[in-house]
Amino acid sequence: MLKKRLVACLLIRDGLIVQSIGYKKYLPIGHPKFPLEFVARWDVDEIILLDMSASSEGRILDPKLLEVLSKSCFVPLTVGGGIKSVSDVRRIIRAGADKVSINTSAIDNPKIITEIADTFGSQCAVVSMDCRLDNDGIHRVYANSGNVPTGLDASDWGRRVEDLGAGEIFLNSIDRDGSKKGYDISLIKKITESVSIPVIVCGGVGKFSHFSAGITEGGASAVAAGNIFHYIEHSTIVAKMNLLQSGIDIRVDSDATYKGRKFDESGRLMMMSGEDLSSVELGKGFRGIL
């Protein structure tokens with residue numbers, strides 16, 4: 001059985017990495033180079049980099065910027081935003097991406113999924129689904145960064161993108177985005193039970209223990225988040241320790257493993273009685289301050 005994955009989702013808006021809250025409010029973090037370097041070095045398995053301004057501005061992520069960013073990224077990198085053609089994908093791949101994420105363009109022109117899969121392989125074609133629970137109790141797909149309703153049933157669209165050749169689905173809950181309430185497990189189950197391709201889930205992580213629910217309850221192949229990784233030291237490693245302690249098979253590459261440590265109910269590392277925080281043993285060959 002394949003190991004589960006921890007994915008960092010980084011959002012670019014107007015040239016800066018931002019925190020997203022409900023797809024309506026965006027808090028600036030800084031230049032993309034530094035957050036990307038942080039998560040790439042601290043044991044995340046993959047990174048998804050989405051330019052939220054690209055589609056509305058009729059462009060893709062600047063290939064020159066991507067070339068700079070990809071040099072600091074030593075894990076698989078998926079890039080999305082404004083991609084409308086195979087030629088756009090080729091430029092993104094040549095600039096350093098491993099996969100591309102398409103959303104609105106897949107809705108407007110579903111055959112692009114097949115074209116990307118046929119040209120670069122299905123593993124390159126990641127379809128992003130931004131979903132919201134409508135008043136009638138049905139999860140539906142939204143386009144243009146969650147602002148335009150499509151009327152598409154989420155489960156039906158998931159099955160269709162798989163049939164068209166998508167190798168993976170990146171599933172986002174608009175309702176949970178930035179809420180810190182945890183994943184929308186109902187939405188996740190609807191999609192994972194409808195398709196056989198891997199599903200990465202995102203939206204709502206507020207504490208590290210939320211990650212395991214996406215896998216154990218929702219059936220996801222990978223769990224993703226953005227906001228929680230920006231302000232907490234060693235956040236990706238602590239997230240993996242919580243996943244391991246929940247019995248989830250996930251790869252740990254960093255020396256800072258926190259093996260045998262305890263965590264509080266929010267998932268933060270706890271000190272032992274009488275312990276000097278400045279000398280906490282973080283893992284083989286690594287000591288430091290949390």
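Predicted model: local features only at pLDDT ≥ 70, side-chain atom pairs only at ≥ 80, totals over all residues.

Residues are numbered from 1 along each chain as its sequence is written, and side-chain values use heavy atoms, with hydrogens and water left out.

The ring of Phe211 has its centre 5.9 Å from that of Phe229, with the planes at 10 degrees, so the pair is stacked (centres within 6.5 Å and planes under 30 degrees apart). Phe229, at 2% relative accessible area, is buried as well. Because Phe211 belongs to helix H8 (residues 210–216) and Phe229 to the loop between strand E12 (222–225) and helix H9 (235–245), the pair ties together parts that are 18 residues apart in sequence; helices (H or I, at least four residues) and strands (E, at least two) are DSSP runs, numbered from the N terminus.

In helix H5 (residues 111–120), the buried residues are Ile112, Ile113, Ile116 and Ala117. They cover an arc of only 135 degrees around the axis, which puts them on the same side of H5, the arc being that of the directions from the helix axis to the C-beta atoms. On the other side of H5, Lys111 and Asp118 are exposed.

Ser105 lies in helix H4 (residues 104–108) and, at 11% relative accessibility, is buried. Beyond its neighbours within four places in sequence, Ser105 is in contact with Ile83, Lys84, Pro110 and Ile112, contact meaning heavy atoms within 4.5 Å.

Definitions and conventions. Phe/Tyr/Trp six-rings, centres within 6.5 Å; stacked < 30°, edge-to-face > 60°. Buried < 20%, exposed > 50% of the residue type's maximum accessible area, 1.4 Å probe, protein only.
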